[in-house]
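Good morning, and thank you for making time for this item.

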Amino acid sequence: MVYAGCDARGVLPAASERWGRIVERAWAVIVVDVSLSLVNTVGFSTMEAGDALNVILGTLVLFLGAMLVYSEPYLCLSDDVHLLTMVPYAIARSMMLAWVNMSRIFSLFALNLAVTIAAVYLEQAAIHAFKTAAWADMIFWTVVNVPLSAIFAVAYLDTLSQERKMVNS
């Protein structure tokens, strides 16, 4: 996301500065990624309970997960973030930006869910064929994360520009 964001903004700092940003913010991206995975897991698990109330609650939890899709690009691309407040600011900023273009949020979230479902099917096929899924899973996510990160970074930057236009007008 750092590289895609620098490209999209036309700002190309030195490679050491980009890698410094990646190392500095990796812990926060991992925390947000794990948290988003937990939110999605809880949403799907709640929906699987089957009764109407749980389906509604699970849908609301997945809606929360959809509103958090900009938290990782915020962590990677924002310049004015303090080290200890990265995660709460990323969550708050993602939720604020979600309201700027809600249809894009749902599109990005649907894309993310489709890739996750594809990963589950790949994992099941690898277990069936090779009795393990570790390598297939790692290779799949390594290959898929590159274009996903670029898409999320560009969508985040575009949403920021939309927000600035709304504020300035």
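Let us begin with asparagine 112, which lies in helix H6; helices (H or I, at least four residues) and strands (E, at least two) are DSSP runs, numbered from the N terminus. Before going further, I note that this is a predicted model, in which local features need pLDDT of at least 70 and side-chain atom pairs count only at pLDDT 80 or more, while totals for chains, interfaces and linings use all residues. Residues are numbered from 1 along each chain as its sequence is written, and side-chain values use heavy atoms, with hydrogens and water left out.

Is asparagine 112 buried or exposed? Asparagine 112 counts as buried because its relative accessibility is 18%; buried means under 20% relative accessible area, exposed over 50%, and partly exposed in between, with a 1.4 Å probe and protein chains only. Leaving aside residues up to four places away in sequence, asparagine 112 touches Leu148 and Phe152, where contact means heavy atoms within 4.5 Å.

That second partner leads us on. Phenylalanine 152 sits in helix H7 and is buried, with a relative accessible area of 6%. With residues up to four places away in sequence again not counted, phenylalanine 152 touches Met1, Val69, Tyr70, Pro73, Leu108 and Asn112. By contrast, phenylalanine 152 and tyrosine 121, 31 residues apart in sequence, are 23 Å apart in space, C-alpha to C-alpha.

Now to the core. A nonpolar core is a set of buried Ala, Val, Leu, Ile, Met, Phe, Trp, Tyr and Cys residues joined through side-chain atoms within 4.5 Å. The largest one here has 39 residues, and those with the most contacts inside it are Tyr70, Leu75, Ile105 and Tyr156. Helices H1 (2–9), H2 (15–48), H3 (52–67), H4 (71–77), H5 (86–98), H6 (102–130) and H7 (134–168) each supply at least two of its residues. H7 gives the most, with nine residues. As for tyrosine 156, its contacts beyond four places in sequence are Tyr70, Pro73, Tyr74, Leu77 and Leu97.

Helix H1 deserves a word. Its buried residues are Val2, Ala4, Gly5 and Cys6, and what covers them includes H2, H4 and H7. After H1 comes glycine 10, whose phi is positive, near 75°.

I turn to the aromatic rings. Rings of Phe, Tyr and Trp (its six-membered ring) pair if their centres lie within 6.5 Å; planes under 30 degrees apart count as stacked, over 60 as edge-to-face and the rest as tilted. The structure holds four such pairs. One of them joins phenylalanine 63 and tryptophan 99, edge-to-face, at 6.4 Å centre to centre and 70° between the planes. This pair links distant parts of the chain, with phenylalanine 63 in helix H3 and tryptophan 99 in the loop between H5 and H6, 36 residues apart. Phenylalanine 63 counts as partly exposed because its relative accessibility is 26%, whereas tryptophan 99, at 58%, counts as exposed. Ring pairs link Phe63, Trp99 and Phe106 into a cluster.

Finally, the chain overall. The secondary structure comes to seven helices and zero strands. Buried residues make up 38% of the 169 residues. Among contacts between residues at least 6 apart in sequence, 70% join residues at least 24 apart. The C-alpha trace spans about 50 × 40 × 25 Å along its principal axes.
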